[in-house]
Every structure is written in structure tokens, then in C-alpha cells.
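Me: I have a new model open and would like to learn how to read it. Could you walk me through a few features?

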Amino acid sequence: MYEWLSASLDNSGTVVTANRRFARVLGDHYAKEQLSAGIKAWRSPQIYNWQDWLSISLSTAQDQGGLPTRINAQQSQLLWERCLRKDLDESEAGMSGLIRLSRETWQRLADWQVPITEVARSAQSDDQRLFASVAGRYLGILERENWVDDAGLGALVLDCVTHGKINFPGQHCFVGFDRQRPIILAIQEALQASGVDISISPEPPQHSKCSLQSFENATAELRSAGAWARRRVDENPGAPIAIIANGLDKDAEGISRRVREGLTPGWQHDHKSLFDALNVSYGRRLSDYPVIAVALLLLRWLVKDLSSTDVGLLLRSPLTGTSIVAGRSRLELRLRQLPERRWSPSMITAELRGRDDEDSVSDWLGMLAAFSKRRRELPQQAPPAEWVVLVDEILRALAWPGQGPLDSTDFQLINRWRELLNEFARLGLVSKKMAPGAAVARLELMAGDTIFQPESTAAAVQLMGPLEASSAQFDALWVTGVTTGNWPPAGMPSALISRHLQQDNDMPDCTAADTLHYAEKMFARLMSCSENVVCSYALTDDDAEQTASDLLSQYAETTDISAADPGWYAATLTTRASLQAEEDAVPPVTAEERISGGAGTIQSQLKDPVTAFVLGRMGARVIYPQAVGIPALMRGNLIHEAFYQLYIDLPSSSTIRGWQDKELADRIEAAVNFAFARHERNVDAVLQQLLLLERRRIAELVRQFVALDSSRDEFQIAGVEGKFEFVAGHIRLPLRFDRIDSVGGEADGIAILDYKTGSRKRLLNRNQEADEIQLFVYAAATEAPVSALALVNVDSREIAFDGAGLGYTDVDAWPDLLQQIKGEIFAACEKMSSGDVRINIEQGITAARPLNLLTRYTELRRDNG
């Protein structure tokens, strides 16, 4: 394998490859050869991909001061954008695509040595004339400033070689260039003319046979390819195995997931080595990696407010602050219950400060306050290099990328980010200063255009596209998707150059014959990559029937060989031995245990003990989606706060009746103002209008409530928004009541009231059993005699009391009823204390749904008939 490599590198020889990946493969192969020969140290081989070779060659040229200054891809992109904007007013998304197409066309013109004057002369459409004009403007800037971009490096090296400005020691071997570009041929000829020994790597022997397999769909095909690779690795560990797939640039993640289903079943939940067993040649956008996405989100927050969803992501992320995120996650749940809006850092610190007592929360909010200060102090304009310093300082101050250790992939990722910052700093050559918003937008654009693929040495199998596999050698190779739709692939002639000019210069895909010839050549290369080649195709693609490519006719065996599709790994779990119950008793409640949920935990214990355990003892919470508009919880809180402020002076019923006309209106307005004050700060126009409508609704509810309260028998409000503690053995529950009235004189005791703002609730059902246990828990928590309990249902349709005891039900029967329900409460607490986690099979699916995945309620109900 690669028998020619050592000879090509002898005597300071150089190998030039068509792509960076193949250069790395050859370097690894050379290193293994040295180790196998017993050599422990050797000079690094001169193996470079084409673009790197051009750069290195120029770095050795004579008279460096006379050479043009090189601009990188990011600087070139910014120049193209400026040139295009002189003629166009495209959106950012549209402009980005047009810039990319223009730069690709510019590179193709350079590779085929076509001057822009010919492009302008042959232009036939408005788009072609526009490109010629913009490209001419771009070239004028390069010439005026004495700059050279990546596309111009070939011509510059050719000029230096022709004039003897570069000395090339040793022979040069070119490998993997399926389509010979005129600039490469010209440089090779110039090198030969200067005395350099030029060679092309020998073509691997052609193999006349491959097995052909068909599958029901592409998913089955990719899974089968993965399973095949697994068998090959098991038979010969360490042997190079590859799978070729089209479309990695569009769906690398989806394709790799399906291959892993066959290669390493269970990779999703097993050791990371199963994931790393497959190396994917096509990476992801740098901005798609979570650690970079978080950094960009923080930088965006420097220049604009973020949505609730984005702020929630930062709260949950361990990539800023400490890795302890429990407290911040609780704050994020709280944020979800607030109306969706745009948040500045200062708004978030004001809203969330003091809401959680965990130290890590205080530290994070402190860092956010400092971040807010830096935001206010940002310069209006600054050079790119200064922005890089600021960005680095700001991210470090936020403890990005977290405090955990970095593995190899993360380490490479952070290094690539720092390289990107250095590339951004070099934009100062073409853009002296930038505003904050422009600087952040440019950095986001650069990260989105940068494809990053971490280097991996542990991969047993390579997943790559046809171009990456060119000239590589494998022990076994599987080529997927060999259909008439993919082979030959659709031609990609440039839309910005006239077709006649492309045909005159024999440019890529200028004719259908050229596309076919290139596809045949590339397919032949694939067939020569291994003696063991499998080709496959899917019989259907989105319900469209597929047939095998005609390019297979001279290679494939006449009889298809069927391969077993391993299917989805998860499906195999259903056929395994039945689950066995493990004796794992829930421990009893201890004196140190803190139970959350208040009286609702006891309500759950009575209805469905496992819910009380999960929510009350384990502290689990249902995660709700981000609220849009004014959520129900906030509406309820607004009413509670308005009632609290209305009765904060603890008036009697006679006092309340005395509130008339202006005094009543003033008190209602003050109560509503108190409730809405903190919610009306920093709101947008839409939310402001929604709050105004809610204000009017609640003001009317308060007025109706006062009228209803005034019609009741005599009472004296004794307390509002107070605290109780319920104690039953080791169970201690902090409670908070809405209101307590003294009724019927001191001897008769108190009435405990609770406001309910959702659907109508009943305290007792028709059988005089407790429907809502909350107020009875309150009664059990106080030593004062309780004369009555009442729910106050507050709704736009009706405001009504629903209670038991004095004023509501039979007074004589009330003490026994209260005592009976208290007994049920303490009995429930005893069961909870002992570790009761029974599942109530009789409850409906709606009630069970939030915990269904955990409790397996659906399966249990089915198994119990």
C-alpha cells in the first residue's frame, strides 16, 4: 500500500496532494513505515496539500519584500462583500450565498487561467455582466493595494518559478488530482523547465469486479454498510476500512448516525469509543458546536437583547461559570413562566437576583452584572485586533468554556476558535475599524462559514465522500448510493460565466460529455482503491424507484448479493429477556430530609404516592415550554398580589363596606399598580398592550371581589400571605397561606381562605370527602381553632366561595369532619415516611402523563387488564 511513497520522499523529496485529508493519511502511513522498520526518529516528511504547498513555496521565495501581501479567505470575503454591495442591496443571507458563489467562480477562473477581461467580453446575462463588473472592481483593489488572495497564489508561484525566484530541492510527486487544472499543469511544466524532477503517483491496479447489493431504502443501506465494516474490523483490526457516501456536505450527521447503527450498535448510551470508531470526513460548521454556539450567543448579548429561549440556554449551560448548574436551571424554569420578551443582561440580574440561594447562582449573576457593565462601556468603533482582545477578556470573565477538563476534541475546537479570532484580527488590513454590532455579526458569519472536523486517531472506519477517497488505498471499501441519480452526478457549470467561454477553456462540467467523463474517471479511481469493493444502492428514495448506475456495468457481478440489514438497535431491546423486578426499597424519610411541594405533596400522596415521591422527595419538576403572552401562572400571581396589597392593612368586613366610590377606586388602583409594577418595566410594545388589557381585567375582578366580600357575614382579616409549618414525624413542610379571617368572635376561631385563579375547584365532593386537601393541611398546621376553610374561585366568569364549616356546611358536623380528614392526612404522611411509592392504576392517562415515562403507567395499566 502506497509503495511509491518512500521513494518519492527520498533525497528531500516532496509529495503534493489534492486535499488536506489525504496529506494527513500519507503522513500517518509514512510514520507507521518508519516504526515498522525500527526507526525511532526521522525528519518530518514533506507532504503537503496543494494550497499549503503554494503558501510554503512562496515563503521561500527570494525578495519577499517585493511580493504582494497575502490576504486570507476572511479578508477576501469582506472585500467581495464590499464590491457586491456597490451594485446590490441583498439581505445578509442572500449576500452570503452570492459571495460564496462569486469566490468559487473566481477560484475556478484562476485555476483555468481565464482573465476577467474574457469573462466580461463573453458575458451573456445580467448576472454574468454583474459578476464581471464586481470581479473587475475586486481585482482592481488587489492590484492597487498589492495584495494577493488564495485564488492568485498559483499564478504568483508560477511567476516565481518561471523567473527563478524559488529554489525547489528534491523531486516532487503529485497525487490525487482527478481533474487536472491548467494552473497545476503550468506549474509542473515550469518546475521541470527549472530542473525539478516531477512525477505523478502511479495509478493503483484496476479491479474488474465488485459485489453489488440493493436495499429497500437508504437507511437500510447505510446500516448494512456499517455492519459490514464492523465484521471487517473484527476480522482484521487496524486494517483501513472506508465507506463512501454522497451528500455528506448536506447531512453528515444523519448519514453517520445510520452507519453507526450497524457499526457500533448502542453508541448513543455506551462508551465514547463507540462514537469515535467512525471518523467522518466532513465536519460541522464551527458555529454548530455547543461550546462555540454559547460563545457567539454571549457575544450577541453584548450588542443586542436576547430572547427568553436564548437566555434560558445560557442559564442551563455548564460552559459559563461553574459546572454546577442546578440553581441556574431552577431560575431557567422560573424564566419560562414569565412572558417571552427580549432581555438585557441588567434586566435578567434584576429579575433573578435573590431568587435562589445557591452560591453558584450568586457567582453567575455577579459575572453577568460585570458583563452588563462591559456592554455599556463598549467602544463605538474599534480595530478588529482590539475587538479580539475584548472578546477574549469578556469570555474569560464569564468562565467560558467552563471549568471542566477538555478532551482532545474540545481542545482542538478551542484552538480552532482562537485561530478564527486571529483571522478576525487580520481583517484590520481591509477594514480599519468596526462598530460593535458589525464586529459580532462578522465573527458569527466567519464561524458559520468555517467547517471544523477534529482529527481522530482512534477511528476504525472512515466515512467520506468520493473526492476525499481519491487515490487513497483501503483494505476494504463500500460505496453507497450508486444509482443513476448519483453516478454520474449532476453537472455544476458556473452560472456566472458564459457557457461558450467555459467550453472554449474546457472548464469543469462545461458539457454533459465532460461531466460523464469526469464521473467515469472518478468512479474508476474508487474501484481501484481496494481489492475488496462493495457497491450498493437503495431501491427507493422518497417513494421514487431507483436503479443501479450504468457506470457499474464493467465492474459489478451479474448477481446481486443480499446483505442483512441489522435494523435499529433500539428494536432489538424489545426481544431481550423480560425485565426482572429488583428489591430496591425507598428509604424512609429522615430528620434531615427536605421535602418540597408543600401541601401539594400530601395531595399527591393521597392520589398517587409515586408522584409524591418523585416531585416531593426527589424534587423533580415538570418542564414547561417558554410562555408566550401572559401565562396562567403569572395571571394568578398578579391576582394574588393585588388581593394582598388590597387587604395589607387587615381591614374588617365593616371597614371594607365603608370603601365607596373614589376611595374604593383609589384602593383598587393602588393594589393593581403594586401587582403590575415590576412586570411593566422594560417591556416591548406588544407585551405592554397585553399587560394593559390584563390590568383592566384584574381591576374589574378586584372590584367584584370587594363587592362579594362586603356581602358576607362579619369577619376581621387577621393575616395575609403568612407562613405555617406542617410537621408529621420527620416530614416538615413549609406552607404559605393567602388569608386568615377571624370569624364569629374570638371563641369561634379562624377561617383559612385560599385564592384559586384557574378552573373552578371544590373543597369537598358530594360525599363530603376532601377534593382539595391543601386547606386541611393548613388547619392541621395551626394550633388555633379552625371554624371554616374556603376556596375563593376567582375567574372572569364567576367569583365564588366554596368552603366547609361556619357559613358553608353543617356547623355541628364540622369538628368531626375536620378531625377525620386530618387523620387521613397524618396517615398519608406515615405512608410517605415509610417509603410508599405505589402507582395509582385507576387514575386517568391525563393525570399520569407527566410521569408516564418514569412510572410506566401505560404498560402497567395494559398488563393489569
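This is a predicted model: local features need pLDDT of at least 70, side-chain atom pairs count only at pLDDT 80 or more; totals for chains, interfaces and linings use all residues.

Me: What is the strand order in the open sheet of four strands?

Reply: In general, strands of a sheet pair through backbone hydrogen bonds, either parallel or antiparallel. Here the order is 2-1-5-6, with parallel pairing. Helices (H or I, at least four residues) and strands (E, at least two) are DSSP runs, numbered from the N terminus, and two strands pair if DSSP finds at least two bridges between them. Strand 2 (46-49) and strand 6 (198-200) each have a single partner strand, so one side of each has no neighbour in the sheet. The twist averages 20° from one strand to the next; axes are lines fitted to C-alpha atoms, for helices over the stretch in contact, and angles run from 0 to 180 degrees between N-to-C directions.

Me: Which residue of strand 5 stands opposite Val15?

Reply: That is Cys173. Strand 1 (residues 14-17) and strand 5 (residues 172-175) pair over four bridges. Helix 3 (residues 50-59) packs on the sheet, touching strand 1, strand 2 and strand 5, where contact means heavy atoms within 4.5 Å.

Me: Where does helix 11 bend?

Reply: Look at Gly254, where helix 11 bends by about 45°. The bend at a residue is the angle between axes fitted to the seven residues ending there and the seven starting there. Helix 11 (residues 248-263) has end C-alpha atoms only 18 Å apart, short of the 22 Å that a straight helix would reach; the expected span is 1.5 Å times one less than the number of residues. Gly254 is among its buried residues (buried is under 20% relative accessible area, exposed over 50%, partly exposed in between, with a 1.4 Å probe and protein chains only).

Me: Which residue does a cis peptide bond join to Pro401?

Reply: Trp400, with omega about 10°. Pro401 lies in the loop between helix 18 (384-397) and helix 19 (408-425). The bond from Trp487 to Pro488 is cis too, with omega near 0°.

Me: Is Asp543 buried or exposed?

Reply: Asp543 is exposed, at 77% relative accessible area. Its phi is near 70°, a positive value in a residue other than glycine.

Key. Residues are numbered from 1 along each chain as its sequence is written. Side-chain values use heavy atoms; hydrogens and water are left out.
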